[in-house]
Amino acid sequence: MRGEGGRIGTMFVNTGNGLFKSKHNNPTHSDPNLSSIAYEDDFNIRSSSASASPGMFEHNRLSCEGSPMTMSPWNQTCTPFTKTSWSTAFMEGSFPQNALIGSLVREEGHIYSLAATKDLLYTGSDSKNIRVWKDLKEFSGFKSSSGLVKAIIISGEKIFTGHQDGNIRVWKVSAKTPNAHKRHGTLPTLKDIFKSSMKPSNYVHVRNRRTALWIKHSDAISCLSLNDDKTLLYSASWDRTFKVWRISDSKCLESVNAHDDAVNSVLASVEGLVFSGSADGTVKVWKREPQGKRTKHSLAQTLLKQDCAVTALAVTPNGSVVYGGSSDGVVNYWEREKQQLSHGGTLNGHKLAVLCLAAAGSLMFSGSADKNICVWRRDGAVHTQLSVLTGHTGPVKCLAVEEDREPSKFGDKRWMLYSGSLDKSVKVWSVSEMAPDVNQMAMMMPSDVESRPSDGSSTNRRC
């Protein structure tokens with residue numbers, strides 16, 4: 001329904017059987033001039049100049065060039081402090097279910113990045129706004145001067161945002177005003193850029209016969225990750241490198257020439273292992289070793305070589321299973337045995353490119369250009385597809401997961417899943433590790449409910 005100020009809201013209707021469906025009177029869609037299979041820039045697949053043929057690097061490309069926001073007839077100027085209400089609903093039933101809790105639709109930009117911590121959710125879009133939500137209500141907002149927000153990660157009181165213009169911006173929460181966020185700096189710092197520029201040895205060759213400082217990314221930031229003790233920040237870029245930053249003093253410790261094409265994902269895991277996935281079709285494992293005050297990453301293993309781009313990575317908290325999503329819609333996974341990872345199989349739940357992955361507990365989530373989110377449960381070496389969460393009207397670009405701290409009447413472990421989409425919405429889902437699969441659902445539900453699509457519809461696949 002249309003709310004105050006012309007904002008579009010979402011109404012949730014109780015169907016009377018414990019399942020909820022979303023009824024949109026005036027849904028906001030992503031740019032109607034772009035089809036759901038032609039968002040190359042939005043899919044983060046071979047879309048930057050780093051993915052073009054050698055010598056085609058466009059050094060004068062604007063930071064937001066290629067974003068559908070710059071072409072969209074729906075483009076509007078919005079302040080990050082315009083209030084928007086959340087619509088909420090809660091499941092009722094006699095068994096654990098996976099279902100939609102709430103939805104937020106904004107008319108300001110496509111959602112590219114999410115980060116969740118405790119009771120706060122941060123969202124980034126191509127409007128350059130970073131919004132902060134608390135208890136499913138808008139809590140705060142702040143705006144970057146330039147650069148579409150492609151990645152967000154939180155470390156204590158610091159918030160790091162990665163942008164299309166190749167910069168990493170640092171923000172801090174005000175001690176006196178918890179909902180106020182102030183710009184704290186940029187990585188690399190201006191001081192480090194000035195010092196490094198004095199030495200010719202600090203310049204490296206990039207494409208188009210140019211040189212650049214090794215401490216600075218020369219293309220869009222695609223991903224940010226923290227190591228296990230949150231002392232190091234990793235940034236992946238379309239410039240084919242990932243860089244390592246020491247959080248305590250904002251120093252760039254190392255730049256790794258990791259791939260032959262854009263690096264779409266980087267993940268730091270346990271025991272100094274780092275995983276990277278690229279548009280060149282490879283997934284690589286790197287081992288971090290201390291080297292004085294700096295770090296040294298060496299290639300330990302190449303997990304995958306294929307023709308299609310690797311678009312997303314996820315790893316279980318203990319590092320035992322690594323997942324890699326690809327532009328062909330397939331998710332590969334590898335299981336750790338002693339010091340090596342071996343291929344465990346593939347998960348085939350999507351028709352189009354996998355754009356994002358997230359792992360939590362025994363569950364793994366995959367978001368896709370097909371607008372769906374697959375929920376997978378891992379039991380030993382077997383993966384079962386519990387649900388296909390539907391409701392987005394555009395590609396699902398990012399996911400974030402937090403443990404649900406509310407007690408469950410079923411005694412099951414539940415997770416709050418946040419999904420951001422190019423339909424300009426963020427959806428919030430409640431997901432249970434004990435949710436029944438499709439066969440169990442068929443036995444427990446009447447036939448009219450079993451056949452009705454819902455926001456938590458389920459299919460069952462074992463791999």
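## Strand β16 and its neighbours

In β17, the bridge partner of tyrosine 234 is valine 244, and five bridges in all join β16 to strand β17 (residues 241–246), the two running antiparallel. Strands here are DSSP runs of E with at least two residues, numbered from the N terminus, and two of them count as paired if DSSP finds at least two bridges between them. The hairpin of β16 and β17 has three residues between the strands, and arginine 240 takes a positive phi near 80 degrees there.

β16 also pairs with β15, again in the antiparallel sense and over five bridges, with leucine 233 of β16 as the bridge partner of leucine 226. These two strands form a hairpin as well, with five residues between them, and lysine 230 in the turn has a positive phi of about 60 degrees.

## How β16 is covered

Strand β16 (residues 232–237) is mostly covered, since six of its six residues are buried (under 20% relative accessible area, computed with a 1.4 Å probe on protein chains only). Leu232, Tyr234 and Ala236 point one way from the strand, while Leu233, Ser235 and Ser237 point the other way, and all are buried.

## Basis of the model

This is a predicted model, in which local features need pLDDT of at least 70 and side-chain atom pairs count only at pLDDT 80 or more, whereas totals for chains, interfaces and linings use all residues. Residues are numbered from 1 along each chain as its sequence is written, and side-chain values use heavy atoms, with hydrogens and water left out.

Strands of a sheet pair through backbone hydrogen bonds, either parallel or antiparallel.

## The largest pocket

The largest pocket, an open set of points on a 1 Å grid with protein on both sides within 12 Å along at least five of seven lines, is lined by 50 residues, of which Ile153, Leu224, Ser225, Leu267 and Leu399 lie nearest its centre; a lining residue has an atom within 4 Å of a point. Among the elements that give two or more residues to this lining are β9 and β15 (221–226), while β31 gives the most, with seven residues.

Note on methods: On a 1 Å grid over the protein atoms alone, a cavity is a set of points where a 1.4 Å probe fits but cannot get out, and a pocket is an open set with protein on both sides within 12 Å along at least five of seven lines; lining residues have an atom within 4 Å of a point. Helices (H or I, at least four residues) and strands (E, at least two) are DSSP runs, numbered from the N terminus. Buried means under 20% relative accessible area, exposed over 50%, partly exposed in between (1.4 Å probe, protein chains only).
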